[in-house]
Amino acid sequence: MIVTNKYYLITLGCQMNEHDSEVICALVENMGYIATTMPEEADLIIINTCAVRKKPEDKVASLLGKFASLKTNKPNLIIAVGGCMSQQEDAAKYLKNRFPYLDLIFGTHALPRLPELISEAGNRKETIIDSEESYIDREGLPVAHRGRFKAWLPVIYGCNNYCSYCIVPYVRGRERSRNINDIIVEARKLVARGFIELTLLGQNVNSYGKDLPGQVTFAGLLAELNQIEGLERIRFMTSHPKDLSHDLIETVKNGEKICEHFHLPVQSGSDRILKAMNRRYTREQYLDLINIIKEEIPGVALTSDIIVGFPGESEDDFLATIDLLEKARFDNAFSFLYSPRRNTAAAGFTETLTRKDKEDRLQRLNDVQNRISKEINESLADQIVELLVEGESKGNPEILTGRTRTNKLVHFKNSENLTGKLVQVKITETRTWNLIGELQLKLDNKYV
Ligand code: SAH
Ligand code: SF4
Ligand code: F3S
């Protein structure tokens with residue numbers, strides 16, 4: 001009888017982590033493991049962690065607490081914790097002390113070494129920690145893509161911005177752009193395998209190329225990718241407002257495959273707080289920038305991230321953020337309670353707000369943004385939009401779900417399986433979070 005080892009993987013955090021998990025899957029599958037959705041069945045459990053706020057870190061502790069009993073029943077079970085939390089030496093040591101049954105703690109830089117580390121962990125005497133900040137090229141590592149028609153494509157790793165609240169530069173290292181040819185070759189291969197939408201990933205995609213020889217820019221990369229035949233949609237995230245070039249706006253405007261959506265985190269509408277956050281733009285500069293984007297690209301969608309309750313945020317600072325929301329009119333904004341992160345500059349700032357103050361502000365902010373999102377969606381009524389069909393809606397196979405080029409979720413009724421296809425839909429009903437549409441006649445073969 002052939003015994004197959006099984007692995008169970010949980011991913012916390014952002015899209016970059018989701019992509020890293022696709023690499024982890026491919027690496028462990030190459031070692032002979034097959035995926036399971038049941039931790040009780042697994043011979044290898046991996047948690048790919050996020051350290052951006054306290055909440056995802058607490059989740060790791062609660063998951064590990066649950067997995068402890070599995071180890072008692074199955075002594076050969078390997079439990080590993082990877083990702084951003086593991087990359088921080090002090091967090092790694094804390095995990096090792098608190099959960100001594102952990103076999104392996106591996107940081108974001110350790111991906112190329114993962115197979116060896118797992119093999120070693122099988123014979124370990126004590127928890128193995130690999131939090132080394134080593135810049136080994138990740139190029140050529142295998143990827144087990146989760147989707148069939150949409151794929152992540154990292155273009156730049158790391159971040160040099162050091163926003164005062166943010167842990168990412170510490171856990172992802174300095175900016176490293178991938179070679180442009182490697183990206184284009186990978187994109188072509190993905191398209192040849194049937195992927196029609198690619199999302200380019202980076203903590204700040206606008207920095208792409210700055211560390212490469214020659215005149216390589218993110219706009220230039222997008223323009224090249226726009227030439228790939230068979231590719232239908234190109235998305236990208238995240239853009240830092242301080243260095244979004246006019247060239248990029250023009251490229252998005254002119255590149256017919258490049259989706260009209262910018263995720264452009266503003267974080268705060270108060271100049272004083274923006275300065276303390278080390279964001280390196282003012283509220284006026286931000287508002288000017290998005291006005292140019294809106295003028296140049298009609299129908300463009302803008303989304304943002306906002307931190308509420310940064311140390312020293314006064315009621316006036318907060319009201320400046322609310323005012324910015326009213327002026328910017330984002331399609332959607334993701335708002336977070338400020339969470340102090342060890343070793344960051346802001347961790348040394350004195351917090352001036354209670355949790356209750358922060359939560360009240362978050363609620364007020366969300367009320368304003370929800371109203372704006374709803375109003376923007378209402379303006380889409382009766383429009384005909386292109387959707388990439390993602391699949392059946394949860395709990396109702398007769399309803400299909402897709403996304404517009406502007407990344408809005410639309411549900412529509414259809415009995416045919418159109419998953420992975422581009423269709424045209426007329427918006428018949430609008431809500432705060434999604435839209436309802438009606439499938440249009442298939443006038444063009446492309447949409448069947
Ligand atoms: N590189 C991206 C995203 C980084 S993390 C960018 O520059 O925008 C995603 C979001 O988490 C950030 O935009 C910010 O809004 C939020 N965030 C980061 N650190 C945080 C902290 N310490 N507390 C609360 N929110 C935080
Ligand atoms: Fe963090 Fe700022 Fe870098 Fe974004 S740009 S990852 S918020 S340091
Ligand atoms: Fe992403 Fe969280 Fe790491 S947001 S980069 S997984 S700290």
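**Strands and helices, term by term**

Modeller: Strand β10 (residues 197-201) and β11 pair in the parallel sense, over 5 bridges. This is a predicted model, where local features need pLDDT of at least 70, side-chain atom pairs count only at 80 or more, and totals for chains, interfaces and linings use all residues. Residues are numbered from 1 along each chain as written, chains are lettered from A and ligands numbered from 1 in written order, and side-chain values use heavy atoms, without hydrogens and water.

Biologist: What makes β10 and β11 a pair?

Modeller: Pairing takes at least two bridges found by DSSP. β10 and β11 have 5 bridges, so they count as a pair. Leu198 stands opposite Ile234 in β11.

Biologist: Why are β7 and β11 said to stand at the edges?

Modeller: The open sheet has 3 strands in the order β7-β10-β11. β7 (150-154) and β11 (233-237) each have a single partner strand, so one side of each lacks a neighbour in the sheet.

Biologist: Which helix lies across β7 and β10?

Modeller: Helix α7 (residues 180-192) does, running at about 170 degrees to β7. Helix α1 (residues 15-30) touches β7, β10 and β11, where contact means heavy atoms within 4.5 Å.

Biologist: Why are α9 and α11 called roughly parallel?

Modeller: Helix α9 (residues 246-254) and helix α11 (residues 283-296) pack at about 25 degrees, with axes 10 Å apart. Roughly parallel means under 35 degrees, so α9 and α11 qualify.

Biologist: Which residues of α9 and α11 make the contact?

Modeller: His246, Ile249, Glu250 and Lys253 of α9 meet Leu289, Ile292, Ile293 and Glu296 of α11.

Definitions and conventions: Axes are lines fitted to C-alpha atoms, for helices over the stretch in contact, and angles run from 0 to 180 degrees between N-to-C directions. Helices (H or I, at least four residues) and strands (E, at least two) are DSSP runs, numbered from the N terminus. Angles under 35 degrees count as roughly parallel, over 145 as roughly antiparallel, 65 to 115 as roughly perpendicular and the rest as oblique.
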